[in-house]
Amino acid sequence: MSKLSPKICRFEPRTTGTAPVSSEDVSTALGMAASRPAGLLLRAKWAMDYQAAVAFVELQVERTEKRIARRRWKPKNKLAVRPMVWLAMRELGIVRPSRVYGSTGYELGAEKCGGCDGVGRRYSRRQEKNIQCERCEGSGEKRWTDNERASRCGLHHTSWAGNWADLYDWMLEDMRAMQRKAVAQMWVLLADVHSEHLDEKRDGHGG
Ligand SMILES: [Zn+2]
């Protein structure tokens, strides 16, 4: 794996100017070790760090395999775990298939709904007006059916329903929980930064 290098990203809203923050800063500021799954997930999603996404997948594959072992379940197709983690990353809007021609890999960014191209609304010829997209229910995000999930992971849909769907639900919920925690911590952090900024302003102008 190539070296993890901090990338520069910008958090501040455009109107108030920008301060460069590195992806290392993001995870350490949130009290998450950069090498822990939540820290990596955070760096992939909010600091646009692709190497972190790759490292997260490896850790999540290990976590999932341990979980499978604890359940004393011996799946025939253990290779389904890795594509499953990538699929969960796609569903959470962290990665999308690479748009570089001929590439089979992923790049950072959310995937758009194919029905409305991410807009959430589409023109209905029958109704002769713009309506909410039925496929994504207006969210603009790509939604996956169980059949699509199964085939994406190289599994038959009966095997998916019988064995893998539960595990996948756990994985999605696990990753959502990491994100929720990170977002909550990010709000606290930004509130702190903001209030410090206000304090400085007050001190500067005050008496
Ligand atoms: Zn849509």
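**Notes on the model**

1. M48 sits in the loop between helix 2 and helix 3; helices here are DSSP runs (H or I, at least four residues) and strands are E runs of at least two, numbered from the N terminus. Residues are numbered from 1 along each chain as its sequence is written. Bear in mind that this is a predicted model, where local features need pLDDT of at least 70, side-chain atom pairs count only at pLDDT 80 or more, and totals for chains, interfaces and linings use all residues.

2. Have a look at the backbone of M48: its phi is near 50 degrees, a positive value in a residue other than glycine. Most residues other than glycine have a negative phi. M48 counts as partly exposed because it has 16 C-beta neighbours inside 10 Å (buried means 20 or more other C-beta atoms within 10 Å, exposed 12 or fewer, partly exposed in between, with C-beta atoms placed from the backbone).

3. Which residues of helix 2 and helix 3 make the contact? Helix 2 supplies P37, L40, L41, R43 and A44, and helix 3 supplies A52, A53, A55, F56, L59 and Q60 (contact: C-beta atoms, placed from the backbone, within 7 Å).

4. D117, in the loop between strand 4 (106-108) and strand 5 (121-124), also has a positive phi, about 55 degrees, although it is not a glycine. D117 counts as exposed, with 11 C-beta neighbours inside 10 Å.

Definitions and conventions:
Contact = placed C-beta atoms within 7 Å.
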